Amino acid sequence: MVGPSRPQFVLFGSSITQFSFSNGGWGATLADVYARKADILLRGYLSWNSRRAIRVLDQIFPKDAAVQPSLVIVYFGGNDSMGPHASGLGPHVPLPEYVDNLRKIATHIQSLSDETRLIFLTCPPVNETKVRESHSKFLSELVRTNELCKAYSQACIKLCQEMDIKVVDLFTAIQQRDDWMNVCFTDGIHLSAEGSKVVVEEVMKILKEAEWKPSLFWKSLPTEFAEDSPYDLVTADGMKTLNGSDWVIHRDTMWD
């Protein structure tokens, strides 16, 4: 481990999580927003469902760890919601079991420490036409429909309401754009930069509005090594230096 110690934010989920540092992804954006404030740790696993996730909870989130995460963002549901394969193989998880698995994930993470916060992301919609047009000689047909996505999304929201857990309704949020089917995905399923922007917007709303103590909103966290220094950039009059520790001039979006 490197120092100084910072809050740890863990992104735990399937491919939408694993890919979140690619192509302007939401994980990369969070890492930029929280630069010098928190460490964004990626635990994303392509093609995983909630059934696989609960089997490794103790390995990913050991209860006896010296440092526990300040925030965990969980996403499972897209693979769970796929239609079942006739062989019985594949990622499909029946809806009641999916809810039970999410409950187990939530209970485990909440037990890590009194200050570990939790956000769930629901199953987003898909571009069904693009999914149907995608063929692979290596894979069987992908049964992904918005009817299934909606059912699993609503089940996640209901559970979060019961457990008083913050949740991002991605199924609804992404569809607020009229052109969502064409701009929010790379392949009809996984998020593009525009789709990832929706995730960050919704996560930031929660982080800003949540009455958590301490607050985890980026503006509320201290910036590492932010003291004034004679080695900072020199002002135009040549009389002093200017501390740029909190400058965000490189960002297209300010995330206020």
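**Legends to the close-up views**

**Overall view of the predicted model.** For a protein of 256 residues, a compact globule would have a radius of gyration near 18 Å, and the 20 Å found in this predicted model agrees with that expectation. The C-alpha atoms fill a box of roughly 75 × 40 × 30 Å along the principal axes, and the chain forms 10 helices and seven strands.

Five strands form an open sheet in the order 2-1-3-4-5, with parallel pairing. Strand 2 and strand 5 (166-168) stand at the edges with a single partner strand each, so that one side of each lacks a neighbour in the sheet. From one strand to the next, the twist averages 20°.

**Close-up of strands 3 and 4 with helix 5.** Strand 3 and strand 4 run parallel and are joined by five bridges, with Val72 standing opposite Leu118 of strand 4. Helix 5 (residues 95-110) packs on the sheet, where it touches strand 1, strand 3 and strand 4, and its direction makes about 160° with that of strand 4.

**Close-up of helix 2.** In helix 2 (residues 26-33), the buried residues are Trp26, Gly27, Thr29, Leu30 and Val33. These residues lie on the same side of helix 2, because they cover an arc of only 160° around the axis. The buried residues of helix 2 pack against strand 1 (8-13), strand 2 (39-44), strand 3 (71-75) and strand 4 (117-121), as well as against helix 1 (15-18) and helix 10 (193-209).

Methods: Residues are numbered from 1 along each chain as its sequence is written. This is a predicted model: local features need pLDDT of at least 70, side-chain atom pairs count only at pLDDT 80 or more; totals for chains, interfaces and linings use all residues. Side-chain values use heavy atoms; hydrogens and water are left out. Buried means under 20% relative accessible area, exposed over 50%, partly exposed in between (1.4 Å probe, protein chains only). Helices (H or I, at least four residues) and strands (E, at least two) are DSSP runs, numbered from the N terminus. The arc is that of the directions from the helix axis to the C-beta atoms. Contact means heavy atoms within 4.5 Å. Two strands pair if DSSP finds at least two bridges between them. Axes are lines fitted to C-alpha atoms, for helices over the stretch in contact, and angles run from 0 to 180 degrees between N-to-C directions. The radius of gyration is taken over C-alpha atoms; the globule rule is 2.2 Å times the number of residues to the power 0.38.
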